[in-house]
Amino acid sequence: MKKKVLKRMFSVLLAGTMMATVLAGCGNDGGNTGSGDSQQSSQNEFSAQPSDDTSSAEGESQAEGQGQSDEWIADREIVLHAYVDDIYNALPDDQVNNPVFKEIKERTGIQLKVTFTPGESNSKTLAAQLAAGTIPDAIVCYLNNSARPEFPLLHKAAKDGLFADLSEYIPNSKVYSKYMEEGYLPNDSYKNIVFREDFDGAVYLLHLGVDAVDRSMIYDPQEAYIGGPYIQKSIIDALQIDPTSVRTSEDFYNLLVKIKEGGFKDDNGNDVIPLGPKYWGGSVDAMDWDFRSLMWGVSDNYNMDADGQIYHFAETEYVYDLINYVRKLLAEGLLHQEYFTMDETRADELYRNHSCAIMGDVHNYVDIVYESEDWIPLGPLNDIQGNNKMVTSGKGARGCLAISDEAENPEEIFRFFDWLSTYEGQLLGQYGIEGLSYNMVDGMPQLTEEALDHLNKGDEKWMWNEVGAAFGGSGVYLFEFITTDKNNIDYFGEARPGAAGGSTFQRSVDLATQYPREYKLVEGLAATSYLNSDDMAEIKAQLSLLNFDDVLVQAIFAKDDAEVKSIIESFRAQLKSSGNDQFKEKLMEIYNEDPKAINFYR
């Protein structure tokens, strides 16, 4: 079917479709650890032949099933290359004889093989392999929104013809047809990723992880991730301070002073440092939590002032308020000297020894929090508006699927991934095999005692190898990441497998119940996502050479106020020479046309 014909078809099917929800999520290019060396060596190649373990008799049996079930697709192998660490780090050792993979093969005819290439980063590996054109049947990568660094790579690859056009398969699909419904996709997903105008009616990129129902403004302790600073419960109790009463930067400073004056000791008898880095290691982004009311540039360092003018954080005097505050904490010994630089291993050791009173950033689903009673949430602190509600941009997504233009019969590949997102596919991918890892009780899946026991113990290898299901992301993360139309509450009766009967994350839920959060909706994309347009290409190239995070850290550790001013003034000059004024003009045009397009708040 020609693209012009498809474009006319979609113009009829999608007429009047306007999105009311907007995506502005972000994510880190990283993941957990846990896979063995043997797994890496066997799964880092693209090419894969059908396994010898699949007998001809089994193939004949599957062939006989074709046409008898609407789950059957084709007797073939599909190679999926993942640019997602979390997927690679949680794969079964045997992708052929694993129970869930075997069941997928029996029901659909598809033998799925997942591959991965280790590298410096997922996005750099993606860039290199797309440039070389060396992709297998399909690929999956991180993509919260079109502002992610992966998107320009995917966009160019699509324009260069590396991906198959999926538009003719979508209208009659079981799940992805929902992407055509008014309001189903977030605005960014719809117009900037899936149904882009410059694709001329073609569809090359499928956004993953879209929720079936928008619950972004609904607080549910069963699902809530409570992030930000956490404090040792023994210390906050000794000081007789309500952790939720710490709201302002002044409150936070006074608390840090009291901790230092309290003479608290760590497990080794050393003085406790009041504030440490984020649990996953030193990073500038921990300041978004710890110094919220001082973070003026809320949209990738851009924001709009009270007079309706757009500025980069560095162009305002607010930047000096932040720098001076952090410098004061360092000078008074209230902040760990490696707040910005500590590696993850040392940070973990730091907190397991209770060497800092406050973790700069962690959340309730990290084992150091849910496995003991030692840590509780602090705050949350106020933002620049003076309230402590958590910002949400509405319904979101988290990944991207694309099928190679050179893949054999791309429709079969599309139908397979569409099936994985059906109720049947999600049930299998999340819970595993009925009778092995779950039973149906009153129409809902319920994990067996054995499965619950392994889940509660965090026995990942059992979940990977003996079952092969995701278990809400605790097991084979592939099936958590690769699906869409997510709705665990309605489909399965619980937020994640085992949540209704398990105990592993009970404290996570308890903390979310005891320390609830309120949300505020700030629609729009981060300002810098609009650098991806063709007319901004040169300016984007110039601005991408600037690193404001590095400048902030440099200024914070400057020898005196004069050097701080010199550093900031120099960066301001670099911004101007890089075309920042022209970029701000574009942002103003976009904002004037649609105030919800950019996630500014004043």
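A: In this predicted model, Gln 430 touches Ala 469, Ala 470, Phe 471, Gly 472, Phe 479, Glu 480, Lys 486 and Pro 497, leaving aside residues up to four places away in sequence. Gln 430 itself belongs to helix H16, which covers residues 423-431. The relative accessible area of Gln 430 is 2%. Because buried means under 20% relative accessible area, Gln 430 is classed as buried.

Most residues other than glycine have a negative phi, and most peptide bonds are trans.

His 354 is not a glycine, yet its phi is positive, at about 60°. This residue lies in the loop that connects helix H13 (344-352) with strand S9 (356-363). His 354 is buried, with a relative accessible area of 15%.

Asp 442 is likewise a residue other than glycine with a positive phi, here near 55°. Its position is in the loop between strand S13 (438-441) and strand S14 (444-447). Asp 442 has a relative accessibility of 79% and therefore counts as exposed, since exposed means over 50%.

The remaining place concerns a peptide bond. The bond from Gly 379 to Pro 380 is cis, and its omega is near 5°. Pro 380 is located in the loop between strand S10 (375-377) and strand S11 (390-392).

How values were computed: Residues are numbered from 1 along each chain as its sequence is written. This is a predicted model: local features need pLDDT of at least 70, side-chain atom pairs count only at pLDDT 80 or more; totals for chains, interfaces and linings use all residues. Side-chain values use heavy atoms; hydrogens and water are left out. Helices (H or I, at least four residues) and strands (E, at least two) are DSSP runs, numbered from the N terminus. Buried means under 20% relative accessible area, exposed over 50%, partly exposed in between (1.4 Å probe, protein chains only). Contact means heavy atoms within 4.5 Å.
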